[in-house]
Amino acid sequence: MLYSVRMRSAQGGAHEVGGRHISGAERIVSQDRIEETTNAMLARAFSHTRGKADFINIVVENIEGERVQEVPLLPVYTRIGRDVVMGRQIAEESLLESGVTLRAVQNGMAALLALTDSMRGAMLVCAVTGQRLDDTGMRGVRVSRMDIDHEEAFHEILEDKGMNNTHVQEALVLASKVVTAPNLIAELCWSDDPEYTTGYVASAAGYIRIPHCKPLGSLLGGRVFFVKPEGDLESIVDYLANQPVIVKVPEEL
Ligand code: AMP
């Protein structure tokens, strides 16, 4: 039996009453792994670099009987800039290559840079006009119900590339789901973890890691999903939040 296990934590009360987002996590596991999974999530919420959570919400939900969609793991590339200015420039170029217009790239980047605190989800932005499309404010749209199929093989692949850390593991699974949403063409992300400054741009062509997307010590990070104008917002949000997805590690690796 498969279960979606998800966690969100905040400081200063629940998110709904204005608490500051601390951390979140998403897994799909069999029943015998629920305890270790929730324990790991609790430990993480209590020891995050963004601060200690005083509100933790963990949901365990049986997804048996739901159609689980399989999507491929995105190939990973790295493009290195020497500082934050170059890092962000590389992110902009990568978004342009994925088909987002210059105007939308600039607006999406500006929306991320304008954040004064972290959201718990992502902003949905039109890939042509750059206008924000969702009305979730600081909450954002959360991607949920996804996991990797062969964790060990996945970790080995990342180990070989010298990037086997929780940030890459989770972001790669999330991005592999995100780029398969209908009419969603690219994602821009950098973490809100003050110690992790590498960001990425993801599209169906791959996951491009970009060191130095923000200054070390910054608590500000976020995600922007670029959506085609013809995309139906409701079905995109429904896919991101509700469709169970297992990311498949390629067999030839
Ligand atoms: P992280 O990569 O975990 O440091 O998260 C960076 C930012 O991405 C967070 O502040 C949120 O705005 C956003 N984010 C994190 N997890 C999710 C998720 N599951 N769905 C959508 N956005 C997320």
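A polar side-chain atom of Asp192 lies 2.6 Å from an oxygen atom of the ligand in this predicted model. Taken alone, the ligand exposes 480 Å², of which the protein buries 88% (Shrake-Rupley method, 1.4 Å probe; for residues, only the protein chains shown count as cover).

The ligand is surrounded by 14 residues, the closest being Met119, Gly121, Val143, Ser191 and Asp192 (one heavy atom of the residue within 4 Å of the molecule). By class, this shell comprises 6 nonpolar, 4 polar and 4 charged residues.

The structure holds 0 disulfides (a disulfide being a pair of cysteine sulfur atoms within 2.5 Å). Cys213 is in no disulfide, and the nearest cysteine sulfur, that of Cys189, is 8.6 Å away. Cys213 is buried, at 0% relative accessibility (buried, under 20% relative accessible area; exposed, over 50%; partly exposed in between; 1.4 Å probe, protein chains only). Cys126 is likewise buried, with a relative accessible area of 5%.

Residues are numbered from 1 along each chain as its sequence is written, and side-chain values use heavy atoms, with hydrogens and water left out. The model being predicted, local features need pLDDT of at least 70 and side-chain atom pairs count only at pLDDT 80 or more, whereas totals for chains, interfaces and linings use all residues.

How values were computed: Polar contact = N/O pair within 3.5 Å; in protein donor to acceptor, adjacent residues only side chain to side chain. Nonpolar A, V, L, I, M, F, W, Y, C, P; charged D, E, K, R; others polar.
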